[in-house]
Amino acid sequence: MTGRDVDEEQRAVTTPDSGTPDGEPAATAPPADATRPAPHQLSRAALHASLADPVLDTMNFLNEVTHRYPEAISFGPGRPYDGFFDNEQITDHLSRYLDHLTAHGGSPGDLRTALFQYGPTAGLIRGIIADSLRTDEDVDVPPESIVVTVGAQEAMLLVLRALMRDPADVLLVATPCYVGISGAARLLDVPVVPVDEREEGLVCADLDAVVRREKARGRRPRAFYVVPDHSNPSGTTLGPAARAELLELAARHDFLVIEDSPYRRVSPGTPQPTLKSLDRDRRVIHLGSYSKTLFPGARVGFAVADQIVVDDSGRTGLLADELAKVKSMVTVNTSSLSQAVVAGALLAAEGRISRHSADTAAYYGEAMATTLRCLDESLPAERRAALGVRWNEPTGGFFLRVQVPFPADNAALGRSAQDHGVIWTPMRYFYPQGGGQYALRLSTSYLTPAEIKEGTARLARFIEAESAEFRAEGPGSDSTRD
């Protein structure tokens with residue numbers, strides 16, 4: 001039961017005219033103590049404007065729907081499948097890391113300090129992460145260029161705070177985009193400028209046009225955020241030519257690329273090279289996360305920020321050093337215990353996340369293939385053409401996008417959950433300046449094959465019913481009907 005449900009239930013049983021279970025009038029509440037001062041109240045308008053931004057409420061609404069309809073099959077959460085987790089893995093990984101420290105000369109006191117104390121702000125396991133990136137991703141950077149963060153979300157916050165100096169600095173985002181980056185920008189009052197993807201994904205000519213437009217307005221495009229591999233939410237992937245063109249654009253227009261790619265190692269097949277591995281001009285800040293490849297409870301991510309920073313006296317350092325300064329005033333350091341467990345897992349796989357996640361990547365690949373196959377069975381080509389329904393076909397990742405002929409908003413989601421027992425995510429959540437009204441996102445990662453089959457059948461029935469209702473009402477109607 002959600003907090004809102006609890007509040008409503010409490011009001012129902014304490015309202016004076018509601019009566020008691022045996023039919024007697026409910027007792028009225030005692031009068032307030034007139035001598036006691038009224039509790040201090042805060043005006044919502046006096047709080048930071050970001051708290052009224054719908055982007056901060058989107059996931060709360062989805063969670064509320066999920067809790068309200070627990071029997072519904074949910075294509076909403078992009079969480080890892082937990083069938084691969086085992087409680088003993090935690091202690092095994094921890095022991096392996098402690099053995100590693102001992103083998104490299106660590107005393108019992110050193111081990112105790114490593115686990116129990118705060119630890120360096122930039123992270124305890126930067127060397128192990130650097131080795132893993134070199135082995136698995138052909139990204140050769142010194143450990144000093146890495147900052148270990150509390151998930152990739154903190155890394156986004158640190159990077160934006162460090163890069164964005166004043167309101168003339170803007171963040172470009174490939175749109176639809178992950179809500180975490182638009183939310184972080186909103187909290188920091190960073191202007192966000194969308195670069196709309198086409199159905200096939202990002203087209204660099206569109207990015208070029210947006211950069212030129214913003215410069216003509218007197219603004220500075222400081223960075224471009226992109227998920228190049230099986231993006232959240234649309235599932236698109238940048239091809240080799242687009243990656244090369246993006247890096248060329250960054251150099252020509254003097255902006256940085258924030259690369260966030262959590263799904264590349266949980267997808268089948270050989271992934272495209274990371275933008276960072278192709279980066280010869282230190283234009284790319286690479287964000288990493290172990291939430292999908294290891295487990296989200298670790299809350300460990302990292303930022304590779306090897307850009308050179310020069311101060312007024314001519315002294316140089318790394319952008320990672322500046323990120324660590326910001327982190328020291330946010331989370332101080334990432335949990336030493338979490339870092340130890342992650343390090344043990346990396347050591348067990350000899351640095352190859354690709355080896356560690358081979359089974360999960362195969363599972364997620366099959367889940368995506370099963371979803372696409374079941375959608376095709378439930379809505380064959382001829383039928384979906386008649387309805388005006390289409391979807392993309394990602395080769396990996398957790399997400400795909402479905403275009404529908406009716407507004408896919410919160411009201412439609414509520415009807416889908418209540419009347420048809422299936423939950424999805426409105427794509428409009430992922431457009432920071434509006435868009436995606438006629439599309440929904442499906443997440444395939446957390447369901448079994450049987451749930452996918454039943455869930456897609458329910459989704460097809462919802463789409464059929466909603467499409468018929470919308471046609472009957474006419475395109476000028478909204479979808480707030482009961």
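## A buried serine

Ser467 is buried, and its relative accessible area is 1%. The cut-off for buried is under 20%. This is a predicted model. Ser467 belongs to helix 17, which covers residues 449–473.

What does Ser467 touch, leaving aside residues up to four places away in sequence? Its contacts are Leu387, Pro405 and Phe406.

## The whole chain

The protein chain has 482 residues, and buried residues make up 50% of them. Its secondary structure comprises 17 helices and 15 strands.

How wide is the C-alpha trace along its principal axes? The spans are about 75 × 70 × 55 Å. The radius of gyration is 25 Å. A compact globule with 482 residues would have a value near 23 Å, so the two agree.

Now look at contacts between residues at least 6 apart in sequence. Of these, 72% join residues at least 24 apart.

Helix 12 runs over residues 336–348 and has 13 residues. From first C-alpha to last, helix 12 reaches 18 Å. That is close to the 18 Å expected at 1.5 Å a residue.

Why is helix 12 described as largely enclosed by the rest of the structure? The reason is burial: 10 of its 13 residues are buried. They are Ser336, Ser338, Gln339, Ala340, Val341, Val342, Ala343, Gly344, Ala345 and Leu346. In an α-helix, residues three or four places apart point the same way, because each turn takes 3.6 residues.

## The ends of helix 12

Ser335 caps the N-terminal end of helix 12. A side-chain oxygen of Ser335 lies 3.4 Å from the backbone nitrogen of Leu337. Just after helix 12 comes Glu350, with a positive phi of about 55 degrees.

## Aromatic rings

The structure holds 11 aromatic pairs. One of them joins Tyr81 and Phe84. Their ring centres are 5.9 Å apart, with 80 degrees between the planes, and the pair is edge-to-face. Tyr81 is partly exposed, with a relative accessible area of 22%. Phe84 also counts as partly exposed, at 30% relative accessibility.

Tyr263 and Phe399 make another pair. Its ring centres are 5.5 Å apart and its planes meet at 85 degrees, so the pair is edge-to-face. Where do the two partners lie? Tyr263 is in the loop between strand 6 (256–260) and helix 10 (275–278), and Phe399 is in strand 12 (residues 399–403). The pair therefore ties together parts that are 136 residues apart in sequence.

Phe399 counts as buried at 1%.

## One cluster

Both pairs sit in one aromatic cluster, formed by Tyr81, Phe84, Tyr263, Tyr363, Tyr364, Phe398 and Phe399. Some members are partly exposed, including Phe84. Others are buried, including Phe399.

Notes:
Residues are numbered from 1 along each chain as its sequence is written. Side-chain values use heavy atoms; hydrogens and water are left out. Helices (H or I, at least four residues) and strands (E, at least two) are DSSP runs, numbered from the N terminus. The expected span of a helix is 1.5 Å times one less than its number of residues. Buried means under 20% relative accessible area, exposed over 50%, partly exposed in between (1.4 Å probe, protein chains only). A polar contact is a pair of N or O atoms within 3.5 Å; within protein, one must be able to donate a hydrogen and the other to accept it, and residues adjacent in sequence count only if both atoms are side-chain atoms. The radius of gyration is taken over C-alpha atoms; the globule rule is 2.2 Å times the number of residues to the power 0.38. Contact means heavy atoms within 4.5 Å. Rings of Phe, Tyr and Trp (its six-membered ring) pair if their centres lie within 6.5 Å; planes under 30 degrees apart count as stacked, over 60 as edge-to-face and the rest as tilted.
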